[in-house]
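Let's take a walk through a protein fold, one piece at a time. Have a look at the sequence and the 3D view before reading on.

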Amino acid sequence: MNLILIKPTERSTDTDAVDLEPNDERTKHILSHLNKTTGDTVSVGFVDSLGGCKCKAIVLQRQNGGVRLVPKPNTMHQSPGLPEITLVLAVPFPARMKYLWPVIASFAAVTRVVIVRGKLSNPEFCETKALKPSAYEQMIEKGMSQGGRTRPVKVDICLEDETISRHLLERLGLVCNTNNTDGTARIFLDCGDEYATPPPARDIVLEQCGKENDKIPSAIVAVGPERGWTDEEAKIFVDVCGFKSATLGSSILRVDTAVVSGLGIVSAALDESQQQSDREYKRKRIHSPCKGTESTNEKE
C-alpha cells in the first residue's frame with residue numbers, strides 16, 4: 001500500500017479521525033509492514049467522487065489492537081483535476097480479468113471500466129466470479145492504494161445486454177454526437193492487417209484532445225477479447241460511433257498486455273495534451289495586451 005485509503009463512511013464527521021479494527025488489512029499493514037507505532041505518521045487518502053484528498057495522519061494504537069488515524073493539521077490537500085479514461089473491455093479469460101482489476105485501478109486516469117460481451121467472447125467467461133462486486137471491489141481498492149489515487153473507479157458490467165451496438169454504446173454515454181469535437185479521444189485498439197496499419201494511439205489522443213483546449217482531456221479505450229472484435233463490431237465502433245482505429249505497434253498482444261500497454265500510452269498522451277494546453281494558456285496570457293495598454297495605444 002502506497003496510500004492508506006479511507007472510504008467516506010469511515011470518516012468521522014467531527015474530527016476526520018478514522019478507527020481501524022485489529023483485523024483490518026490496513027491495520028496489519030501499518031503495524032506489521034510499515035512498523036508504525038503511536039506518534040508516527042502515514043500517508044492517507046480520503047476517497048470521494050470529486051477526486052478525494054490526501055494528508056499525513058498520526059497513528060494512535062488502541063488497546064483493542066486497532067489503530068486510530070488522526071489527520072495532521074495543515075497537511076490536507078485536494079487531489080488535482082486529472083485526465084479521465086474509460087476502458088471498454090470485452091470480457092477476457094477469467095484469470096486475466098482477476099489479474100487486471102488492481103492493475104487497471106492503479107492508473108490514476110482510469111475512472112470507469114465497462115465490461116461488454118463481444119461476439120467472439122467465450123460465454124463461459126461471463127459467469128466468472130471475477131466479475132462479481134464482492135470480488136472486484138476489493139481488487140480495485142488494492143490497485144487504488146498501490147497507485148496512490150483517491151478518485152473512485154466506476155464499474156459497469158453489461159454482459160446481459162445485446163452484443164456491441166450503437167444503442168448499447170449510446171446508452172452507456174460513449175458515443176460522440178458532436179462531430180468528434182468534444183475533447184474526448186475515442187480509441188479502438190486494432191493491430192491492423194497486411195494492407196493497412198492504423199496510426200499510433202498517442203497520435204489519436206493528441207489530435208482529438210487538442211480540439212478543446214479549455215477542457216481536461218479524456219479518452220475512451222476499447223479492447224477486444226482474446227479472439228478479437230469482428231469486422232461488424234469494428235464498423236460499429238469506428239463508422240457508427242465515432243471511434244478512431246489506433247495501434248500499439250505491430251505486435252499481436254494478449255488482452256492483458258494490450259490493456260496495460262494501452263492504458264500506459266494513453267495516460268502519458270493525456271498528460272502530454274494537458275501540459276500542452278497549460279503552456280498554450282500561459283502563452284496567451286503573457287502575449288495578451290492588458291486593457292490599460294490598449295487604451296494608451298489608442299490615445300496615442
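In which sense do strand β3 and strand β4 pair, and over how many bridges? Strand β3 (residues 41-46) and strand β4 (residues 53-61) pair in the antiparallel sense, over six bridges.

## Ground rules

This is a predicted model, where local features need pLDDT of at least 70 and side-chain atom pairs count only at pLDDT 80 or more, while totals for chains, interfaces and linings use all residues. Residues are numbered from 1 along each chain as its sequence is written, and side-chain values use heavy atoms, with hydrogens and water left out.

The labels work like this: helices (H or I, at least four residues) and strands (E, at least two) are DSSP runs, numbered from the N terminus. Two strands pair if DSSP finds at least two bridges between them.

## The parallel sheet

Now for another sheet. Six strands line up as β9-β8-β7-β11-β10-β12 in an open sheet with parallel pairing. At the edges are β9 (154-158) and β12 (244-246), each pairing on one side only. On average, neighbouring strands here are turned by 20° against each other, direction ignored. Angles like the ones below run from 0 to 180 degrees between N-to-C directions, and axes are lines fitted to C-alpha atoms, for helices over the stretch in contact.

Zoom in on β10 and β11: five bridges pair them in the parallel sense, and Thr 184 has Ser 218 in β11 as its bridge partner. Helices pack on this sheet too. α2 touches β7 (84-90), β8 (110-116) and β9, with its direction at about 160° to that of β8. Helix α5 (residues 201-209) touches β10, β11 and β12, and its direction makes about 155° with that of β10.

## Two helices crossing

Helix α2 (residues 94-106) and helix α3 (residues 133-147) have axes that come within 7 Å and cross at roughly 40°. That makes α2 oblique to α3 (under 35 degrees counts as roughly parallel, over 145 as roughly antiparallel, 65 to 115 as roughly perpendicular, and the rest as oblique).

Which residues touch (contact means heavy atoms within 4.5 Å)? From α2 they include Lys 98 and Trp 101, and from α3 they include Tyr 136 and Met 139.

## A pair of rings

Six aromatic pairs turn up, where rings of Phe, Tyr and Trp (its six-membered ring) pair if their centres lie within 6.5 Å. The ring centres of Phe 188 and Trp 229 are 6.1 Å apart and the planes are at 35°, so the pair is tilted (under 30 degrees is stacked, over 60 is edge-to-face, the rest tilted). Phe 188 is in strand β10 (residues 184-189) and Trp 229 is in the loop between β11 (218-223) and α6 (231-240), so this pair links distant parts of the chain, 41 residues apart.

Terms used
Contact means heavy atoms within 4.5 Å.
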